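Hi there,

Here is the structure I promised to pass on.

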Amino acid sequence: MGGASDAALASWHTLGLRYGTAYVYPKDALAAGDKAAFHAIAASCGVTGYGWTASCDPDEVVAKSAGLRFPLVVKPVDGSGSKGVSRVIRPDGLLAAVAYARSYSASQTVIAEEFVQGRPLAIEVFMRDGRTVLTCIKDKEFVNGGFVVRRLRTTQLPLATRNQLEATVERLCRALGIVNGPANFDAVLGADGKERVIEANTRLGGDGVPRLLAAAYGVDVVRALIALALGEPFGDHLVPTRAAHAALELIGSPLAVEGELIAWEGELIAWEGVAEARSIPGITDVELYVEPGDRVRPHDQSGHKIGLLVAAGPSPADASSALDAAGALIRPIVRPIKGAK
């Protein structure tokens with residue numbers, strides 16, 4: 001099975017057919033890996049759209065993008081993890097942005113989209129028999145105002161808005177062939193009350209999202225996915241056992257160049273800072289991926305994170321406050337590597 005990686009999904013589908021597994025990952029869901037194809041699917045579901053153009057010909061992308069409303073977001077049509085993404089303010093920035101996006105595209109295809117103003121959201125669902133049995137809507141904060149997620153936290157929205165968003169992503173899941181299983185969507189809620197769905201990932205959310213869901217609701221989406229893949233009942237793993245809010249902080253290097261981790265603030269040899277962070281009320285998970293002496297890269301794409309924190313509380317503010325307190329104890333201290341760019 002494929003968890004939080006797009007790269008595994010086509011193999012999962014093919015191997016399921018080859019070996020006659022109880023569950024076969026749906027072929028239609030692979031269309032979500034093509035951002036242009038997903039725009040067409042969203043339009044067919046009546047989801048409010050916005051201007052975009054895509055092509056494997058860089059000159060065509062540049063020419064057609066000039067007719068869109070700026071600013072634009074330029075990215076690989078088949079990319080993920082915020083790799084190769086640029087915001088373009090004026091037409092004279094298109095050529096470099098298209099070249100950068102193509103460098104991260106296996107198909108050499110680039111999409112340019114009108115930047116959508118509003119409240120950035122991430123919507124996580126798990127489907128059963130064509131309906132959502134678990135929905136989590138999260139607010140998103142980004143690193144330095146860019147495209148890499150720094151923090152996710154469960155939202156507080158009017159019930160009518162939540163129902164509207166859930167109905168939209170449910171329609172999209174069915175259009176993508178996701179009758180059973182997980183999916184997640186990046187969306188923006190506009191001032192007009194309408195949602196623009198930016199893209200879809202027909203899989204579990206990455207960046208520690210299963211831990212956030214466990215902290216908020218007591219569910220285990222990983223076990224549910226394993227049960228689904230085995231053809232076993234999976235609904236019991238998705239029944240909430242608590243009703244809290246949760247937030248997730250992704251830790252990255254503070255530098256814009258490659259560096260070497262010297263220490264985590266408050267720590268020398270042992271991991272005292274981690275122990276103190278874990279003891280803060282509300283903290284449920286602390287995970288660090290690097291140790292002193294390891295090389296770290298700028299946090300300019302999702303795969304460059306070097307740790308995460310998860311907290312739960314009675315409100316989003318409570319969960320975020322716990323993350324702030326824990327993060328102050330284990331901030332990374334990174335030394336630039338001479339000659340690194």
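**Around T155**

Leaving aside residues up to four places away in sequence, T155 touches R119, L121, I137, K138, D139, R162 and H245, where contact means heavy atoms within 4.5 Å. Before going further: this is a predicted model, in which local features need pLDDT of at least 70 and side-chain atom pairs count only at pLDDT 80 or more, while totals for chains, interfaces and linings use all residues. Residues are numbered from 1 along each chain as its sequence is written, and side-chain values use heavy atoms, with hydrogens and water left out.

T155 sits in the loop between strand 7 (149-154) and helix 5 (159-175); helices (H or I, at least four residues) and strands (E, at least two) are DSSP runs, numbered from the N terminus. With a relative accessible area of 6%, T155 is buried (under 20% relative accessible area; exposed is over 50%, partly exposed in between, with a 1.4 Å probe and protein chains only). T155 and P316 are 161 residues apart in sequence, yet their C-alpha atoms are 7.0 Å apart in space.

**Aromatic rings**

How many aromatic pairs are there? The count comes to four, where rings of Phe, Tyr and Trp (its six-membered ring) pair if their centres lie within 6.5 Å, and planes under 30 degrees apart count as stacked, over 60 as edge-to-face and the rest as tilted. The W12 and Y23 rings have centres 5.8 Å apart and planes at 55°, so this pair is tilted. W12 lies in helix 1 (residues 9-19) and Y23 in the loop between helix 1 and helix 2 (35-44), so the pair ties together parts 11 residues apart in sequence. W12 is buried at 11% relative accessibility, and Y23 is buried at 13%. The rings of W12 and Y25 are stacked, because their centres are 5.1 Å apart and their planes are at 25°. W12, Y23 and Y25 form one aromatic cluster.

Two charges sit over rings as well: R18 lies over the face of Y19, 4.8 Å from the ring centre, and the charged end of R87 is over the ring of F115, 4.4 Å from its centre. The rule here is NZ of Lys or CZ of Arg within 6 Å of the ring centre and within 35 degrees of the ring normal.

**Nonpolar cores**

The largest nonpolar core has 57 residues, of which F38, F126, L172, F185, L213 and V221 touch the most other members. Such a core is a set of buried Ala, Val, Leu, Ile, Met, Phe, Trp, Tyr and Cys residues joined through side-chain atoms within 4.5 Å. Apart from that core lies another, of 20 residues, among them I283, A322, I330 and V334.

Best wishes
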